[in-house]
Amino acid sequence: MIFRARHLLGIEHLSPQEIVSVLDLADRYVDLNRRTVKQSDVLAGMTQINMFFENSTRTQASFELAGKRLGADVMNMSVAQSSVKKGETLIDTALTLNAMHPDLLVVRHPSSGAVNLLASKVNCAVLNAGDGRHEHPTQALLDALTIRRAKGRIQRLTVAICGDIAHSRVARSNLILLGKMENRIRLIAPPTLMPPGVDAFGCELFDDMAAGLEGADVVMMLRLQRERMDGGFIPSEREYYHRFGLDAEKLAAAKPDAIVMHPGPMNRGVEIDGELADDINRSVIQEQVEMGVAVRMACMDLLARNLRAGRGMKATEVMV
Ligand code: CP
């Protein structure tokens, strides 16, 4: 198993072999999570702090569950009740927590690059739970695991990523991961939601769903990221759904066995038809959530191994 990283800040820092290592280990954690007793001790004695400066349901809950299932002491810092509200900076907050000797720090922040900056100031492993429009590495890894389990591989697939590409860290991390794994990537969006220069990632660009979905193996829908929009990017939600919302009729352009994905939270009737989202024969949205816990367990397990190796400790060694 190859995984050299000290932190998980983005997919751009991972090699294809490291990505495969995460997916292989996550597959084993899927099995553990389906048992009645879901307990392991690979993080026993370690402390995990979750710092979410932006709202989250899936990512925060799954990092918390992942840490607890691996035996870590998990603390969720409540940003709303913290001294951040009194003006304490991100760096001072991080240094304060670092002085309490955490081993794993999970951070979500609205500013691109904030998590990388924080990682340079602390001496524990830092996991990026989403920073601005930059990266959401565990989302791309859980998407890759979901695709690999549904399609039997994570190479040589045609993947259509549709919607608000411009504001999406999910799209960016997926673009990087799917490109590293040699897939054919198509981006479908209205021109106002397609970031300039994105074709440098080696993807094909479309502003028409029928053309972009033609023959796709995987259809990945994105949320309209209203919190990152500072103006009108679409004429109306109704118009957007008519042209870019996924329904059974538009999906008919993709392969008959194409899977439908959405990272959540989803806006039914804006990005995706509610019935299609719930159709267990096409939609793997619930599988994505399940894979999220396993992938986060795998990432923390691998980072903890590197942390112990850096401290000259064996997995079971305890210092008293
Ligand atoms: N996909 C995702 O990051 O969801 P949350 O914002 O609920 O964590």
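An oxygen atom of the ligand has a polar side-chain atom of Arg-108 at 2.9 Å, and a polar side-chain atom of Thr-59 lies 2.6 Å from a ligand oxygen atom, while a polar backbone atom of Arg-58 is 3.0 Å from an oxygen atom of the ligand; a polar contact here is a pair of N or O atoms within 3.5 Å. On its own the ligand has 250 Å² of accessible area, of which the protein covers 91% (Shrake-Rupley method, 1.4 Å probe). This is a predicted model, in which local features need pLDDT of at least 70 and side-chain atom pairs count only at pLDDT 80 or more, whereas totals for chains, interfaces and linings use all residues. Residues are numbered from 1 along each chain as its sequence is written, and side-chain values use heavy atoms, with hydrogens and water left out.

The residues around the ligand, those with a heavy atom within 4 Å of it, are Ser-56, Thr-57, Arg-58, Thr-59, Arg-108, His-136, Gln-139, Pro-263 and Gly-264. This shell divides into six polar residues, two charged and one nonpolar, with Gly counted as polar, Arg as charged and Pro as nonpolar.

Turning to the whole chain, there are eleven helices and nine strands, taken as DSSP runs (H or I, at least four residues, for helices; E, at least two, for strands). The radius of gyration of the chain is 20 Å, which agrees with the value near 20 Å for a compact globule of 320 residues, where the radius is taken over C-alpha atoms and the globule rule is 2.2 Å times the number of residues to the power 0.38. Along the principal axes, the C-alpha atoms fill a box of roughly 65 × 45 × 35 Å.

Methods. Polar contact = N/O pair within 3.5 Å; in protein donor to acceptor, adjacent residues only side chain to side chain.
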